[in-house]
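Please consult the sequence and the model while reading.

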Amino acid sequence: MLRRALWSRNGNNVSESFPEIVDALATVLDHRETVLDGEIVALDTGGVPSFSRLQRRMHVRAPTAQLQNDAAATYYVFDVLDIDGTSTTELTYLERREALSSLGIENPRIKVPPFWLNVDGAAMLDVAKKHHLEGILAKSINSTYQPGKRSPSWVKTPLRAKSEAIVAGLVEGSGSAAGGIGSLILGAHDDSGLLICIGSVGSGFSSRQRRELREQLLEIERPTSPFAIAPPRAIARESRWCEPILVCDVEYREFTGGSLRHPAFKGLRVDKIAADVDLPGRH
C-alpha cells in the first residue's frame, strides 16, 4: 500500500494533523498513485463547515482520539491532477471531474462534492446562503488546471455579512501604506455591555482614506487600550489606541472565535454612536 500525505497550499506537510483523512485515503486509493486537490473542513452538528472547529485541528500535530471525535475532519475533493503517473491538468474541467468520479473514493471522511451545469449564479448564491455556506465557485467547463495560479476561468463569489464596529485603535502602515493606517483595531459591546476586541481590518481602504483616518484617530489618541479585556498580544503589540467613539461599517465572511474573518472596511458611520454597537450578528 502506498504512503499517503497531505500538503497545505504553502507546501507544509500536515499529514500528522489529520490522521483520519490519511488513513481514509490509504483505504480508498489502495495501490493507486494519485494527486488530488480539495479542502479540509470540520462540520458542525448541522453539517455546515465550521471554521472555529477546524481551528482546533489546524496546529495540532498529534490530535488525540477525543479531539478527532469532537472536531472530526473531512476532506472534500474537487479536482484531480494526476492518476497513476499520468497528468490530468491539461484535461478540461468536465473531463477531470469524470476522472475523479471514476476513482470511487467516497468515504465517511472523504467526500466528492457535486457540481451543477446551466444553473443561474444568483440562484446558487441563494442556495449557499440558505445552507450557511461561504459562497460559490464558478468554473469554466473547458478550463484546464493551472497549478499555483489564480485562473480567470475560476471565479469565487463569497457571501459577505455586514456589521458595525467601534474603532479602538490603529496599526501604522508600511510600504505603500506608509504615512497612513495599516489596519484599524475593532471592538463591540458584548452581552454584558463590555467593550471587547473583535479583531482588525486592513483592507477596503483607499490611499487617501488611510492617511485621513490616521490623522483623525491620532487626534483622539489615548495611551491605554479601551477594551475591558486585554486584546490578543499580536494586536496589542503594534497598536496605537484611540478613544472608542468612531463607528465604521465592515463586511466579513464569518465571526468566529471572537474575531471577524476576512473583514473589509466600508466606511465610517455618522448616524451611529459607539454605545449602540453590539457583537456582529446581534443587531
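Q: In what order do the five strands of the open sheet lie?
A: This is a predicted model, in which local features need pLDDT of at least 70 and side-chain atom pairs count only at pLDDT 80 or more, while totals for chains, interfaces and linings use all residues. Residues are numbered from 1 along each chain as its sequence is written, and side-chain values use heavy atoms, with hydrogens and water left out. Strands (E, at least two residues) and helices (H or I, at least four) are DSSP runs numbered from the N terminus, and two strands pair if DSSP finds at least two bridges between them. The pairing in this open sheet is antiparallel, and the order is β9-β8-β7-β10-β13.

Q: Which strands form the edges of this sheet?
A: An edge strand pairs on one side only. The edge strands are β9 (195–201) and β13 (264–269).

Q: Over how many bridges do β8 and β9 pair?
A: Strand β8 covers residues 181–189, and its pairing with β9 is antiparallel. Within this region, His 189 stands opposite Leu 195 in β9. The number of bridges between β8 and β9 is six.

Q: What angle does the direction of helix α6 make with that of β8?
A: Helix α6 (residues 207–218) packs on the sheet and touches β7 (161–172), β8, β10 (239–252) and β13; contact means heavy atoms within 4.5 Å. Axes are lines fitted to C-alpha atoms, for helices over the stretch in contact, and angles run from 0 to 180 degrees between N-to-C directions. The angle between α6 and β8 is about 55°.

Q: Which residue forms a salt bridge with Arg 208?
A: A salt bridge is a side-chain nitrogen of Lys or Arg within 4 Å of a carboxyl oxygen of Asp or Glu. An α-helix has 3.6 residues a turn, so residues three or four places apart point the same way. The closest N and O atoms are 2.8 Å apart, and the partner is Glu 212.

Q: Is Arg 208 buried or exposed?
A: Buried means under 20% relative accessible area, exposed over 50%, and partly exposed in between (1.4 Å probe, protein chains only). Because its relative accessible area is 56%, Arg 208 is exposed.

Q: Which residues are linked with Glu 134 in a network of salt bridges?
A: The side chains of Arg 253 and Glu 134 meet at 3.1 Å, N to O, and this pair links distant parts of the chain, 119 residues apart. Arg 253 has 17% relative accessibility and therefore counts as buried, whereas Glu 134 is partly exposed at 34%. A further salt bridge joins Glu 254 and Arg 261 at 3.2 Å. The residues linked with Glu 134 in the network are Arg 253, Glu 254 and Arg 261.

Q: How many of the eleven residues of α1 are buried?
A: Among the buried residues of α1 are Glu 20, Ile 21 and Leu 29. The cover over the buried residues includes β1 (34–42), α2 (51–58), α3 (65–70), β2 (73–83) and β4. Helix α1 is mostly covered, and its buried residues number eight.

Q: Why does Glu 20 count as buried?
A: Glu 20 lies in helix α1 (residues 19–29). Beyond its neighbours within four places in sequence, Glu 20 is in contact with Arg 57, Gln 68, Ala 72, Ala 73 and Arg 109. Glu 20 counts as buried because its relative accessibility is 12%.

Q: What is the phi of Asn 118?
A: Most residues other than glycine have a negative phi, and most peptide bonds are trans. Asn 118 is not a glycine, yet its phi is positive. The residue is in the loop between β4 and α5, and it counts as exposed at 84% relative accessibility. The phi of Asn 118 is about 55°.

Q: How many helices and strands are there in the protein chain?
A: Of the 283 residues of the protein chain, 40% count as buried. Its C-alpha trace spans about 65 × 40 × 35 Å along the principal axes. The chain has seven helices and 13 strands.
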